[in-house]
Structure formats: structure tokens, C-alpha cells
Amino acid sequence: MNSHSASSQAILITGATSGIGLACANYYTSQGFHVIACGRNESILNGLNTKHFLTFDITSAEQVTAASIALKQHLSQHDLQLTQVILNAGTCEYIENVFEFDAALFSRVITTNLIAIGYCIEAFLPLMAKGGQLGLMSSSATYLPFPRAEAYGASKAAISYLGRSLRMDLAAKPNQAIGVSVICPGFVKTPLTDKNDFAMPMRVSSEQAAQRIFAGMEKRHFEIHFPKRFTFILKCLSWLPEKLLINMLAEKSTK
Ligand SMILES: NC(=O)c1ccc[n+]([C@@H]2O[C@H](COP(=O)([O-])OP(=O)(O)OC[C@H]3O[C@@H](n4cnc5c(N)ncnc54)[C@H](OP(=O)(O)O)[C@@H]3O)[C@@H](O)[C@H]2O)c1
């Protein structure tokens with residue numbers, strides 16, 4: 001994707017202390033990239049074999065700004081091009097009872113999965129090299145309405161829209177040539193999904209997810225979705241009348 005050698009290409013990954021982000025940090029490192037791993041847990045970040053790490057909470061605008069200042073210095077000191085940014089950090093909590101709609105939970109999920117992405121885009125997009133690729137972590141959950149996913153699904157649907165809109169505005173700036181990828185995984189085995197109490201068909205490992213993300217980002221695909229068989233089924237189901245979907249999905253999840 002880029003004329004620079006992998007070792008001069010820096011990639012910033014948020015949520016690199018666990019799950020998909022951790023697997024991406026390991027995979028990009030194995031491919032020779034200069035990985036800048038980001039997270040809240042400094043002792044985990046310190047133990048990674050990535051080239052550099054930045055410790056910050058993505059929901060703190062001040063911490064994100066401070067991280068971008070440190071990042072700028074690091075890039076210039078090491079003569080690096082920031083060619084990829086993957087805004088992967090996120091959370092998942094479910095609304096267990098709609099009649100006791102938990103607005104605080106809703107706010108937490110939207111803040112981490114959406115508002116914080118705004119802080120990260122503000123801080124990191126201006127540092128990206130010409131021809132770079134920005135990855136936004138959405139979810140295949142956005143293809144269909146799922147029970148209990150009012151907060152999580154809404155946050156990820158917003159990310160998918162954000163990606164489409166960003167892509168349009170960036171395309172209008174051909175001198176920078178920065179591309180956008182919206183990443184829509186199916187189920188991936190991570191600490192986040194280990195908490196789920198429902199069946200997770202076709203779940204893949206975080207290492208498989210990292211390879212799919214790497215390949216999609218390198219090819220500058222707009223939508224990176226996997227496993228393909230699973231996302232194909234969801235996409236087909238999304239064409240069904242909403243009433244039928246409610247019968248299929250709501251009944252099965254009713255406790
Ligand atoms: N696993 C799946 O099946 C799946 C499917 C579709 C989409 N996704 C998305 O993929 C992303 C990664 O999920 P995962 O499954 O790998 O989950 P995970 O293992 O729980 O990892 C989440 C990562 O995000 C970080 N994070 C959360 N809140 C943060 C904050 N306020 N500031 C900084 N870092 C924060 C976590 O750091 P801490 O360790 O400090 O909490 C952790 O490193 C999420 O956006 C998720 O929605 C996952």
C-alpha cells in the first residue's frame with residue numbers, strides 16, 4: 001500500500017492490551033511494522049514486544065491530546081511515517097430489561113465506542129502520512145437489529161456511518177489520499193465475547209481476526225468483514241421484512 005519499508009511505517013492500535021487489538025499488535029509486529037500499542041494498562045503494554053506504547057484512556061479528551069503530542073515527537077525522532085491507525089478499543093454491555101432501560105449504561109457504551117473515537121480522530125488523523133489508512137472498529141452486529149444491543153449496536157452503527165462520511169470527505173482531499181476502513185467482525189473469541197451467555201456461531205480466533213484486518217487494511221478495503229460465510233448470512237437476513245426478523249431473533253433471545 002505504501003512505498004516506505006515496513007520498518008519505517010508506524011501503525012497505531014488502540015485497545016492493544018487485549019483481544020483483537022492485542023492480536024493485531026502482535027501480527028503487525030511479526031510483519032516488521034513499527035507498532036505503537038495503546039491502552040490503559042501500562043504493565044500489559046510494557047510487556048508487549050511492540051516498538052512503542054502510549055498509555056491513555058480514549059474517553060479522556062485531555063489524555064488523547066497528550067498522547068498525540070507524544071506520538072508526534074516519537075514519529076519525528078524515529079523518522080517514521082504514520083501509515084495506519086486502527087481505532088479498535090471498545091466495550092460491550094447489554095440492556096438486560098428494556099423496561100428498566102439503563103441510561104447510564106447506554107451513555108458508557110456510546111461514550112467509549114463513539115464519542116472517544118471522535119477524540120482519537122481529532123488527535124491522530126492530522127498526524128497520518130499521505131496514502132495512510134484509518135481503520136474504525138465497527139461490528140457485523142450493525143447488519144441486523146439484535147436483542148439487548150440497543151447501546152452496543154447503536155454505537156457501532158454510528159461508527160459505520162462515521163466511516164462512510166469520513167471516507168467521502170477524505171476522498172475530496174486527494175493530496176492526502178487517506179483511506180478509511182470500517183471493520184465489521186463476526187464473533188471473535190476474546191475476553192469481551194467470553195462474557196456472552198448466548199451461542200456465537202462461526203466464532204474465529206483473535207489471531208484469525210488480526211490476519212483478516214491486516215489483509216483488508218493493506219488492500220485498503222472500505223469494508224473489512226469476516227468470517228465471510230457468517231457476514232453473508234447476516235447480510236441476506238437484513239433483506240427480510242423487519243416483522244420476520246423480530247419473530248426469528250426476538251423469540252429466541254427471550255429469557
Ligand atoms: N470480539 C468480538 O466478537 C467483536 C466483534 C465485533 C466487534 N468487536 C469490537 O472489537 C473491539 C475489540 O474488542 P475485543 O473483543 O478485542 O475486546 P477486549 O478483549 O475486551 O478488548 C477491548 C480493548 O479496548 C480497550 N478499552 C476499552 N475501553 C477503553 C478506554 N476507555 N480507553 C482505552 N482503551 C479501552 C481495553 O482496554 P482495557 O483492558 O484497559 O479495558 C482492551 O484493550 C471492540 O471495539 C469491539 O466492540 C469485537
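Modeller: Let's start with A177, which sits in the loop between α5 and β6. Keep in mind that this is a predicted model.

Biologist: Okay, what is phi of A177 near?

Modeller: Phi of A177 is near 50 degrees, a positive value in a residue other than glycine. Most residues other than glycine have a negative phi.

Biologist: And which peptide bond is cis?

Modeller: The one from F226 to P227 is cis, and its omega is near -15 degrees. For background, most peptide bonds are trans. As for where to look, P227 belongs to the loop between β9 and α8.

Biologist: Let's switch to the sheet. What order do the seven strands have?

Modeller: The order is β3-β2-β1-β4-β5-β6-β9, in an open sheet with parallel pairing. The edges are taken by β3 (52–55) and β9 (223–226); each has a single partner strand, so one side of each is left without a neighbour in the sheet. From one strand to the next, the twist averages 20 degrees.

Biologist: How many bridges join β2 to β3?

Modeller: Four bridges join them, and the two strands run parallel; β2 covers residues 34–39. If you want a pair to click on, G39 stands opposite T55 in β3.

Biologist: Nice. Which strands does helix α8 touch?

Modeller: Helix α8 (residues 228–237) packs on the sheet and touches β6 (179–185) and β9. The direction of α8 makes about 105 degrees with that of β9.

Biologist: What is L237 in contact with, leaving aside its neighbours within four places in sequence?

Modeller: L237, which lies in helix α8, is in contact with L144, L245 and M248 once those neighbours are left aside. Another pair to look at is L237 and E223: they are 14 residues apart in sequence, and their C-alpha atoms are 18 Å apart in space.

Biologist: Now the ligand! Which residues come nearest?

Modeller: There are 27 residues around the ligand, and T17, S18, R40, V188 and T190 come nearest. By type, the shell divides into eleven nonpolar, 13 polar and three charged residues.

Biologist: How much of the ligand's area does the protein bury?

Modeller: The protein buries 89% of the 890 Å² that the ligand exposes when taken alone.

Biologist: And which elements give two or more residues to the shell?

Modeller: Those are α1 (19–30), α5 (150–171) and α6 (191–194). With three residues, α6 gives the most.

Definitions and conventions:
Residues numbered from 1 in each chain as written. Predicted model: local features only at pLDDT ≥ 70, side-chain atom pairs only at ≥ 80, totals over all residues. Heavy atoms only, no water. Near = heavy atom within 4 Å. Areas by Shrake-Rupley, 256 points an atom, 1.4 Å probe, with all protein chains shown as cover. Nonpolar A, V, L, I, M, F, W, Y, C, P; charged D, E, K, R; others polar. Pairing = 2+ DSSP bridges. Axes fitted to C-alpha atoms, helices over the stretch in contact; angles between N-to-C directions. Contact = heavy atoms within 4.5 Å.
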